Amino acid sequence: MKKSFKYYIKANKETIQKAERIFNLCRVLYNLCLEQRKFVWKNYHKSVSCYDQIKELPSLKKFFPELKEVPSQTLQEVVERVDKAFRNFFSRVKKGEKSGYPRFKSFNRYDSFTLKQAGWKIVGKELKIGKVGSFKLFLSRPIEGDIKTVTIRRTLSNRWYVTFSCDNVNPKPLPKTGESVGIDVGCESFLTTSEEEKIDNPRFFQRAQSLLTKRQKTLSRKKKGSKHRNKARILLSKAHEKVFDQRRDFHFKTARKILQTYDTIFIEDMNHFKSYRSLNRSMRDVAWFSFFNILLFKAEEAGKEVVKVPARNTSQICSSCDRIVQKGLSVRVHSCPHCGLSIDRDINAARNILRLGQSLQGAGALAPVMN
Ligand SMILES: [Zn+2]
């Protein structure tokens, strides 16, 4: 299976400057490729392919000799990024979603480059990048499988990371338990299971949120283009990155806990119920999507399955007698006048997801989600 490994890296000023120069040259190429595609389409109604643009790289280097400072594979990967931006754009248009045309990258907005098999080496605790220099590599865990690409990235708060994308990584199956579970994304808890477990949003989200708000205010008070403003911007980015890391960590831990206990996990199909959800839940949705992706990925690694269920009305149906029990969002308990069942509303919903999932799967109507 495929897996990425990300590590913190550090380098001296000279290496950093060289790496930043590569960012900038890649950015120039990115914008050139974008411009060419736009121009050819506008004037000749023809589309330029990724292959066409890669083929033109050698002659482009004659006009822009600076590009020779960048490893060839890195330049190719820039062209591939442009291609990807267009493909994403067209697929969104096709789906009828609102979509912005791929945009030119401004200075400081291009902050990574990628190498493939050549142009890098790990020597002891150092990552050596040809034409750039050496980075101190903080290997917090071993790299597994075969390294396919190496991406160097600078965050907004000026921290540097390397990501190794690997193939042929051995899965780490978790012992089978024979158990299945339904999961509901509630309003109050992060998630609720059909086995009556509730996982709450960690408190640090609240604390982090207030720090973010405070730093955002500080930033907006500073004069544009000033040194103080830049400092404030870095502090704000640091806070953002911290929240992101904490949330990711929480998601990994939660996914692991669920996968250790259950073999099959039924969850509500997001696309299905997106249409009738209110907008103020969008932030929670973002967190849920990121959790869901982690759960999917870890399930594959653990040899377990995640199944999306096209559930509807899960909070209103009684999980014991199947009758509808209407209730508003503020009513936290499902109490059924028909059969007498009285349980937490989210547990009732999770049980409905489990029941529907199991019956559809039994009928062969559902397949596990693949990454
Ligand atoms: Zn009932």
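Analyst: Below we take a helix pair, then a sheet and the helix on it. Keep in mind that this is a predicted model.

User: At what angle do α5 and α6 pack, and how far apart are their axes?

Analyst: The angle is about 165°, and the axes are 9 Å apart. α5 covers residues 204–221 and α6 covers residues 227–261.

User: So parallel or antiparallel?

Analyst: Roughly antiparallel, because the angle is about 165° and the cut-off for that label is over 145 degrees.

User: Left-handed or right-handed crossing?

Analyst: α5 passes α6 in a left-handed crossing.

User: Which residues meet there?

Analyst: From α5, they include F204, A208, L211, L212 and R215. On the α6 side, R229, A232, L235, L236 and V243 are among them. By class, the contact of α5 with α6 has 10 nonpolar, 4 polar and 4 charged residues.

User: Switching to the sheet. What is the strand order?

Analyst: β10-β9-β8-β11-β12, an open sheet of 5 strands with mixed pairing. The edge strands are β10 (198–199) and β12 (305–309). Each of those pairs on one side only.

User: How do β8 and β9 run, and how many bridges join them?

Analyst: They run antiparallel, with 2 bridges. β8 is residues 180–184 and β9 is residues 191–193. I183 has T193 in β9 as its bridge partner.

User: Which strands does α9 touch?

Analyst: Helix α9 (residues 345–362) packs on the sheet and touches β8, β9, β11 (264–268) and β12. Its direction makes about 130° with that of β8.

How values were computed. Residues numbered from 1 in each chain as written. Predicted model: local features only at pLDDT ≥ 70, side-chain atom pairs only at ≥ 80, totals over all residues. Axes fitted to C-alpha atoms, helices over the stretch in contact; angles between N-to-C directions. Helix = DSSP H or I, 4+ residues; strand = E, 2+ residues; numbered from the N terminus. Parallel < 35°, antiparallel > 145°, perpendicular 65-115°, else oblique. Left-handed = near helix turned anticlockwise from the far one by under 90°. Contact = placed C-beta atoms within 7 Å. Nonpolar A, V, L, I, M, F, W, Y, C, P; charged D, E, K, R; others polar. Pairing = 2+ DSSP bridges.
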